[in-house]
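Subject: Structure handover

Hello,

Here is the structure I promised to pass on. Please open it first, then read my notes below.

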Amino acid sequence: MGVGAKATSNDLQNAYKLGKMIAQQGWVLLTGGRKAGVMDAACEGAKSAGGLTIGILPGKDDKGISEAVDIAIFTDMGNARNNINVLSSDVIIACGMGAGTASEVALALKNNKEVILLTEDEESKIFFKKLSPNSIYIVENAEAAISKVRLIVS
């Protein structure tokens, strides 16, 4: 999960690397599916390593979809699709931070999902760690995120 149009270059680099490493693990990448920010970068990274990508899209057609999405699920639910993203994932990796990403992190915590934060946003780290200290893991890079996922799902 991650920032769309307001993603930083660091967010995009992390997302691409995450997508690639997820594919290299043989895992399936699930994103919001749009051709924007972290969603697009992660899907492109996964595709570069031959991975399978799923996009849970807010609309009812393929307008604005990432070209790197293999399986598109059109919800016509707008931001309400964030709950589908969360419930369909084993672990949430939040790359960057914006309002949509924060909503996904909050939904994940409400659903007892574990969340890995890969963000430079110090306030978000403090807030979410205080909100749910046992379900939030803060990492500095994609490698650490993947290592943490391996521990969580094993």
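Two strands count as paired if DSSP finds at least two bridges between them. Keep that in mind for what follows. The model is a predicted one.

Strand β1 (residues 29-31) and β2 run parallel, and three bridges join them. Leu29 stands opposite Thr53 in β2. Leu30 has Ile54 of β2 as its bridge partner.

The open sheet here has three strands, in the order β1-β2-β3. Their pairing is parallel. β1 and β3 (71-74) are the edge strands, each with a single partner, so one side of each has no neighbour in the sheet. From one strand to the next, the twist averages 15°.

How much of β2 is buried? Strand β2 covers residues 53-57, and five of its five residues are buried. Both faces are covered. Thr53, Gly55 and Leu57 lie on one side. Ile54 and Ile56 lie on the other. In general, side chains in a regular strand alternate between the two faces of the sheet.

Helix α2 lies across β1 and β2. It runs at about 165° to β1.

**The α1 and α2 pair**

Helix α1 spans residues 9-24 and helix α2 spans residues 37-48. They pack at an angle of about 35°, with axes 6 Å apart. The crossing is right-handed.

On the α1 side, the residues that meet α2 are Asp11, Leu12, Ala15, Tyr16, Gly19, Lys20 and Ala23. On the α2 side they are Gly37, Val38, Ala41, Ala42, Glu44, Gly45, Ala46 and Ser48. By class, this contact has eight nonpolar, four polar and three charged residues.

Asn10 and Gly96 are 86 residues apart in sequence, yet their C-alpha atoms are 8.5 Å apart in space. Asn14 is also placed in α1. Is Asn14 buried or exposed? Its relative accessibility is 13%, so it counts as buried. Leaving aside neighbours within four places in sequence, Asn14 is in contact with Cys95, Leu118 and Ala142.

**The sheet β4-β5-β6**

Another open sheet has three strands, in the order β4-β5-β6, with parallel pairing. Here β4 and β6 (136-138) stand at the edges. Each has a single partner strand, so one side of each is left without a neighbour in the sheet. The twist averages 25° from one strand to the next.

β5 and β6 run parallel and are joined by three bridges. Ile116 stands opposite Tyr137 in β6. Helix α4 (residues 99-110) packs on this sheet and touches β4, β5 and β6. Its direction makes about 155° with that of β5. Helix α6 packs on the sheet too, touching β4, β5 and β6. For α6, the angle with the direction of β5 is about 175°.

Ile152 lies in α6, which spans residues 142-153. Apart from neighbours within four places in sequence, Ile152 is in contact with Val91, Glu114, Ile116 and Tyr137. Ile152 and Asp90 are 62 residues apart along the chain. Their C-alpha atoms are separated by 9.1 Å.

**The nonpolar cores**

Which residues touch the most other members of the largest nonpolar core? They are Ala15, Leu18, Leu29, Ile93, Cys95, Ile116 and Ala145, out of 27 residues in that core. The elements that give two or more residues to this core are α1, α2, β4 (92-95), β5 (115-118) and α6.

Leaving aside its neighbours within four places in sequence, Ala145 is in contact with Leu18, Ile93, Ile116 and Val139.

Best wishes

Key: Residues numbered from 1 in each chain as written. Predicted model: local features only at pLDDT ≥ 70, side-chain atom pairs only at ≥ 80, totals over all residues. Heavy atoms only, no water. Helix = DSSP H or I, 4+ residues; strand = E, 2+ residues; numbered from the N terminus. Contact = heavy atoms within 4.5 Å. Axes fitted to C-alpha atoms, helices over the stretch in contact; angles between N-to-C directions. Left-handed = near helix turned anticlockwise from the far one by under 90°. Nonpolar A, V, L, I, M, F, W, Y, C, P; charged D, E, K, R; others polar. Core = buried A, V, L, I, M, F, W, Y, C linked by side-chain atoms within 4.5 Å. Buried < 20%, exposed > 50% of the residue type's maximum accessible area, 1.4 Å probe, protein only.
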